[in-house]
Amino acid sequence: MDFKNRKNEGPAVTYTLVPKVLPGKEDGQRLYYAQSRARGELGLEEMAERISRNCTLTRSDIIGVLAALEDEVCQGLCNGEIVRLGGIGSLQAGICSEGVERPGDFTAGRIRRLRVLFRPAGLLKKSLAHTRFERVAVNGKEEL
């Protein structure tokens with residue numbers, strides 16, 4: 001399938017409805033919001049198999065490339081680099097820390113956690129613009 005030019009074909013992103021109580025409402029009024037539901041997982045093995053059907057490389061070659069990509073993405077993020085993945089997007093390490101009143105009071109010990117920031121690029125954004133949605137039941141039961 002030509003990912004760049006796909007239209008509303010094949011499976012859709014599935015979702016369920018979840019009730020959420022409105023903040024500040026004493027009567028417990030709820031509104032229902034869509035929440036995505038994973039349809040499954042796509043791992044390196046399956047990805048390599050799918051890619052091999054669209055090119056001349058073998059599944060083994062592709063697994064080697066994907067494993068190397070995995071290593072390089074991790075190393076790049078640990079080195080403080082922005083990792084650009086073409087039309088998919090970019091990854092960058094982000095920091096969450098405690099605040100201080102004066103710069104001299106800050107130490108690396110105030111950094112609480114490191115996270116990965118993902119910024120989608122044009123190809124992925126275009127692709128998502130054509131996504132279909134399908135409501136599914138939760139545990140075999142349809143919501144009210």
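1. Which ring does the charged end of Lys-20 sit over? The ring is that of Tyr-33, with the charge 5.8 Å from its centre. The test asks for NZ of Lys or CZ of Arg within 6 Å of the ring centre and within 35 degrees of the ring normal.

2. A word on the basis: this is a predicted model, where local features need pLDDT of at least 70, side-chain atom pairs count only at pLDDT 80 or more, and totals for chains, interfaces and linings use all residues. Residues are numbered from 1 along each chain as its sequence is written, and side-chain values use heavy atoms, leaving out hydrogens and water.

3. The protein has three helices and six strands, in the order β-β-α-α-β-β-β-α-β from the N terminus. These are DSSP runs numbered from the N terminus (helices H or I, at least four residues; strands E, at least two).

4. An open antiparallel sheet holds three strands, ordered β3-β4-β5. β3 (83-84) and β5 are the edges, each with a single partner strand, so one side of each has no neighbour in the sheet. Strands count as paired if DSSP finds at least two bridges between them; β4 (residues 89-97) and β5 are joined by nine.

5. Leu-114 lies in β5 (residues 111-120) and is the bridge partner of Ile-95. Leu-114 is exposed, at 62% relative accessible area (exposed means over 50%, buried under 20%, partly exposed in between; 1.4 Å probe, protein chains only).

6. Of the 144 residues, 16% count as buried.
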